[in-house]
Amino acid sequence: MHDTALVVGASGIVGSATAALLVKEGWTVKGLARRPTQQPGVEPVIADLQDAEATAAALAGINPSAVFITTWLRQESEAENIRVNGAMVRNLLNGLRETSTPARHVALVTGLKHYLGPFEAYGKGALPQTPFREEQGRLDVENFYYAQEDEVFAAAARDGFSWSVHRPHTVIGKAVGNAMNMGTTRAVYATLCRETGRPFRFPGSAAQWDGLTDMTDAGMLAQHLLWATETPAAANQAFNIVNGDVFRWSWMWGRIADWFGLDPAPFDGSVQPLEQQMAQDAPVWRAIAEREGLVEPDLDRLASPWHTDADLGRPIEVVTDMSKSRRMGFTAYQPSDDAFVALFERLRADRLIP
């Protein structure tokens with residue numbers, strides 16, 4: 001039996017995949033969330049990280065040897081993102097310090113907004129050259145990822161644990177009620193197009209349609225988190241993490257269309273955001289769910305079109321370098337089209353899509 005892991009955000013895309021992997025590998029797993037979901041082998045810990053006292057009380061006596069921070073809360077502005085999400089990490093690590101033996105390692109999941117900037121300035125201004133590499137410094141702009149990192153760095157210096165920071169591209173995996181969920185959003189959109197006869201249009205920019213990109217499967221990210229936790233040379237390092245392949249949406253869009261039995265609409269170069277295309281679709285989805293016996297009739301809990309639009313509307317090509325992890329021994333690989341197919345099959349098996 002391994003030591004105890006605390007997975008923070010265990011009900012999300014990354015957290016649920018990480019908890020499942022740790023259980024499989026023999027860890028004792030505690031899963032912290034505001035509203036925990038049932039997960040085999042995971043002991044739920046209910047806490048709102050915005051409440052410092054309640055967080056400390058919930059963490060009393062847990063004594064994790066490794067902590068995986070996979071959660072954040074979207075706010076109306078980047079200043080609020082910084083205030084809220086920085087405080088959540090601070091409350092978590094202070095709570096563990098007050099009530100438990102300090103962890104040996106803390107892994108923080110952020111993402112490529114480290115290089116692209118926050119939502120308010122996403123993909124704009126002077127950006128580092130692609131492919132993104134870990135040695136590229138922070139942008140001269142406020143960013144809640146930086147605030148989260150700084151809280152981890154300060155607590156590590158104080159309490160003596162090692163840390164790792166993990167920067168995925170868009171994560172593909174299953175979660176309901178998640179704010180950043182391209183894969184499920186894509187599945188719901190395809191289902192709606194098939195139901196209504198609307199064209200299955202790529203909603204993004206010509207740069208994304210024609211340019212190279214990459215993705216991160218949630219299971220791949222979970223492997224990377226565990227690898228960094230168990231690899232001494234990975235201590236106190238930041239890492240990019242993507243599947244290892246690259247593709248163009250002009251190719252992937254057809255692959256997704258084929259799975260849903262659709263013909264992909266020709267791309268005319270215009271941006272047609274999903275947030276606009278899907279704005280009136282909640283009643284349609286509810287009708288589909290009732291007819292097909294689906295378990296989630298609320299469209300807003302499945303789809304996050306605003307986030308998909310942000311990713312697919314970028315005016316620049318985005319690819320990510322994995323050399324640092326490869327040189328240190330992380331060699332896992334996941335074709336991105338297989339990741340999409342595996343997700344769609346799971347969503348169908350779990351009665352989230354027909």
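Modeller: Gladly, and let me begin with a definition: a residue is called buried under 20% relative accessible area and exposed over 50%, with partly exposed in between. Keep in mind that this is a predicted model.

Colleague: Which residues of H11 are exposed on the face turned away from its buried side?

Modeller: That face of H11 carries Pro-283, Glu-290 and Arg-291 as its exposed residues. The buried residues of H11, which spans residues 282-292, are Trp-285, Ile-288 and Ala-289.

Colleague: Which helices do the buried residues of H11 pack against?

Modeller: They pack against helix H6 (182-196) and helix H12 (299-302). Just after H11 comes Gly-293, with a positive phi of about 70 degrees.

Colleague: Let's turn to helix pairs. Why are H9 and H15 called roughly parallel to each other?

Modeller: The axes of H9 (residues 249-259) and H15 (residues 336-349) cross at roughly 25 degrees and come within 11 Å. Angles under 35 degrees count as roughly parallel, and H9 and H15 are therefore given that label. The crossing in which H9 passes H15 is right-handed.

Colleague: Which residues make the contact of H9 and H15?

Modeller: From H9 there are Trp-249, Trp-251, Met-252, Arg-255, Ile-256 and Trp-259. H15 brings Ser-336, Asp-337, Phe-340, Val-341, Phe-344, Glu-345 and Arg-348. Sorted by class, the contact of H9 with H15 has eight nonpolar, one polar and four charged residues.

Colleague: And what makes H6 and H13 roughly perpendicular to each other?

Modeller: Here the axes of H6 and H13 (residues 305-312) cross at roughly 105 degrees, coming within 9 Å. The range for roughly perpendicular is 65 to 115 degrees, so H6 and H13 are roughly perpendicular to each other. Met-182, Thr-185 and Arg-186 of H6 meet Pro-305, Thr-308, Asp-311 and Leu-312 of H13. The contact of H6 with H13 divides into three nonpolar, two polar and two charged residues.

Colleague: Why is H6 called oblique to H9?

Modeller: The axes of H6 and H9 come within 11 Å and cross at roughly 55 degrees. Angles under 35 degrees would be roughly parallel and 65 to 115 roughly perpendicular; the angle here makes H6 oblique to H9. H6 passes H9 in a right-handed crossing. On the H6 side, Met-182, Arg-186 and Tyr-189 meet Trp-249, Trp-253 and Ile-256 of H9. These residues divide into five nonpolar, no polar and one charged.

Colleague: How do you know that Asp-309 counts as buried?

Modeller: Its relative accessibility is 16%, and the cut-off for buried is under 20%, so Asp-309 counts as buried. Asp-309 is in helix H13. Leaving aside neighbours within four places in sequence, Asp-309 is in contact with Pro-203, Pro-273, Leu-274 and Glu-275.

Colleague: Why does Ile-316 count as partly exposed?

Modeller: Its relative accessibility is 25%. Ile-316 is placed in the loop between H13 and helix H14 (323-327). Not counting residues up to four places away in sequence, Ile-316 touches Leu-116, Leu-127, Ala-207 and Gln-208.

Colleague: What about backbone features? Which residue other than glycine has a positive phi near 60 degrees?

Modeller: That is Arg-351, in the segment after H15. Asn-63, also not a glycine, has a positive phi of about 55 degrees, and sits in the loop between helix H2 (52-59) and strand E4 (66-69). As background, most residues other than glycine have a negative phi, and most peptide bonds are trans.

Colleague: How do you know that the peptide bond from Thr-130 to Pro-131 is cis?

Modeller: Its omega is near 0 degrees. Pro-131 is in the loop between helix H4 (113-116) and helix H5 (144-159).

Technical notes. Residues numbered from 1 in each chain as written. Predicted model: local features only at pLDDT ≥ 70, side-chain atom pairs only at ≥ 80, totals over all residues. Heavy atoms only, no water. Buried < 20%, exposed > 50% of the residue type's maximum accessible area, 1.4 Å probe, protein only. Helix = DSSP H or I, 4+ residues; strand = E, 2+ residues; numbered from the N terminus. Contact = heavy atoms within 4.5 Å. Axes fitted to C-alpha atoms, helices over the stretch in contact; angles between N-to-C directions. Parallel < 35°, antiparallel > 145°, perpendicular 65-115°, else oblique. Left-handed = near helix turned anticlockwise from the far one by under 90°. Nonpolar A, V, L, I, M, F, W, Y, C, P; charged D, E, K, R; others polar.
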